[in-house]
Amino acid sequence: MTHHPAHLDVDAGHPGLTQVRQRIASAAIDAGRRPEDVTLVAVSKTFEASAIEPVIAAGQRVFGENRVQESKGKWPALKSRIQGIKLHLIGPLQSNKAAEALALFDCIQSLDREKLARVLADEIQRQGRSPELFIEINSGEEGQKAGIAPRAADRFIALCRETYGLGIAGLMCIPPADEEPALHFALLETIARRNGLKGLSMGMSADFETAIRFGATHVRIGSAIFGERHQKVA
Ligand SMILES: *Cc1c(COP(=O)(O)O)cnc(C)c1O
């Protein structure tokens, strides 16, 4: 069926989205910041178009996904139908998927190694795209987690900029589940500041208010908007 869904045209509300937006605004104001300086990335991984459409109808345009393959299945159709959708890749990116990722995503938040920097630089040239790029920092130095170790961050940022000519928008981190996130947010902010980076992608459903207090410019929020995920994700 190819009918145009009428509910995308109306200014419908979405309770989860409305609540998260209000919480973002309050946290920003409490921190002496402007709510519009915090971009909400609605993390729609595992959710199908039918769950995403009401969030779009309620006005949300920036979405996060963690897998290229899954995103290719659901976003091209939505993007072609709705103006102004911005997609952020927040999960690990294999070099051999970099071309596909660049074609679909407006922002890649998971730049985490030199090989990927090299492949992205080549593909950016080839495709004539100018995605926003965030470098992922493994702030907790967890063995199983992607990202650049904090002590290697300055060098990697310089490498991306100088050797590969990449414009870096900011840094991203996913703090260890069992640690106080504020320490990690403060660390990310320190690394960003000393490298002249403005973007700070930090804060998820459980800790975005703290992240905003520490300067988050992008919060990545899934379950607080869409509800619990039933599908296990990496
Ligand atoms: C899934 C995911 C999120 C969102 O997590 P919630 O707890 O559902 O808000 C944020 N960032 C990354 C990198 C994720 O993979």
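How do helix 2 and helix 3 lie relative to each other?

1. Before the answer, two housekeeping remarks. This is a predicted model, where local features need pLDDT of at least 70 and side-chain atom pairs count only at pLDDT 80 or more, while totals for chains, interfaces and linings use all residues. Residues are numbered from 1 along each chain as its sequence is written, and side-chain values use heavy atoms, leaving out hydrogens and water.

2. Helix 2 (residues 49-57) packs with helix 3 (residues 68-81) at about 30°, the axes being 11 Å apart. The two are therefore roughly parallel (angles under 35 degrees count as such). Helices here are DSSP runs (H or I, at least four residues), numbered from the N terminus.

3. The contact (heavy atoms within 4.5 Å) uses Ala49, Ile52, Glu53 and Ile56 from helix 2, and Lys74, Trp75, Leu78 and Arg81 from helix 3. By class, that makes five nonpolar, no polar and three charged residues (Asp, Glu, Lys and Arg count as charged; Ala, Val, Leu, Ile, Met, Phe, Trp, Tyr, Cys and Pro as nonpolar; the others, Gly among them, as polar).

4. Now the ligand. Residues around it, with a heavy atom within 4 Å, include Val43, Lys45, Ile90, Met204 and Arg229. Arginine 220 has a polar side-chain atom 2.8 Å from a ligand nitrogen atom. Polar backbone atoms of glycine 222 and serine 223 each sit 2.8 Å from an oxygen atom of the ligand.

How values were computed
Axes are lines fitted to C-alpha atoms, for helices over the stretch in contact, and angles run from 0 to 180 degrees between N-to-C directions. Angles under 35 degrees count as roughly parallel, over 145 as roughly antiparallel, 65 to 115 as roughly perpendicular and the rest as oblique. A polar contact is a pair of N or O atoms within 3.5 Å; within protein, one must be able to donate a hydrogen and the other to accept it, and residues adjacent in sequence count only if both atoms are side-chain atoms.
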